[in-house]
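Please have a look at the sequence and the model first.

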Amino acid sequence: MKIGNRMFDTEHDCYIMGILNVTPDSFSDGGKWNDMTRALKHVEEMIGEGAAIIDVGGESTRPGHQPISVQAEIERVAPVIAAIKQRFDIPVSIDTYKSAVAEAALQAGADLVNDIWGLQYDVNMAPLIARWQVPVCLMHNRKPADYTNFLSEMQHDMKTCVDRALAAGIASERIILDPGVGFGKTYQQNLAAIHHLDVLTKLGYPVLLATSRKSVIGLSLDLPPEQRLEGTLVTTVMGVLQHAAFIRVHDVAPNLRAIRMAQAILQEEKPHGQTAFGYH
């Protein structure tokens, strides 16, 4: 898959999407990066730690969040995206479900649209993405969280999103799927979405797993967001085991190490210079 000027081997590798929330109220890092200087410094840090994509969001989507206007969201994300593209050679994703924000972000240089409503919220989103010929990440979401058979219905919902994308002219090789952990699901359903990621990988598209510091981890471990790294690392390894192509996280370095360790075990590869008994 090509995102921006970079090719991603989504069949054989797993990549980190680093989170940059330029918001005052995101659940985990609200207010930390909504200043241009700090935002760019954080991007530089994430790239140095191994992020392959930077995902920029201008509106918090945490439970109970306050929606903001389209113009306010554009004013938050567009200048930051333009600055990132000017200073760094890395693909940038725009995290939005509004077509006007997505268009402004694409004009500023964004390479991918990450839509938490899987093209369901804004009828203009799919045609816009098709026109710009950029990849899209379709996230599973449903309101209310009302299911008879959760896993089969999640898969069906995702198929519907994919069909909408294809009908609009979005090429199949530009589609990524996200199970939407933390969105339109109960605690148990969130655990099931992580445990049964194969429900989406079976559809034949690269899958992105985004669990970083989320409430499903907090509820499992009874921990606040800033103490959920270990829980996040476990979900990252679960993602690698189930062939996720992308992992969206706040903490780049430790999650990339977890990915590489899991891959090494799965592939039974030994580092250069290592024998069965250690290094020589």
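Glu-59 counts as buried, at 8% relative accessibility, where buried means under 20% relative accessible area, exposed over 50%, and partly exposed in between, with a 1.4 Å probe and protein chains only. This is a predicted model, in which local features need pLDDT of at least 70 and side-chain atom pairs count only at pLDDT 80 or more, while totals for chains, interfaces and linings use all residues. Residues are numbered from 1 along each chain as its sequence is written, and side-chain values use heavy atoms, with hydrogens and water left out.

The side chain of Glu-59 meets that of Lys-98 in a salt bridge, at 3.3 Å from N to O; by salt bridge I mean a side-chain nitrogen of Lys or Arg within 4 Å of a carboxyl oxygen of Asp or Glu. Lys-98 is likewise buried, with a relative accessible area of 8%.

A second pair joins Asp-111 and Lys-85, whose side chains form a salt bridge at 2.8 Å, N to O. Here Asp-111 is buried, at 12% relative accessible area, whereas Lys-85 is partly exposed, at 29%.

Across the whole structure, the search finds 13 salt bridges.
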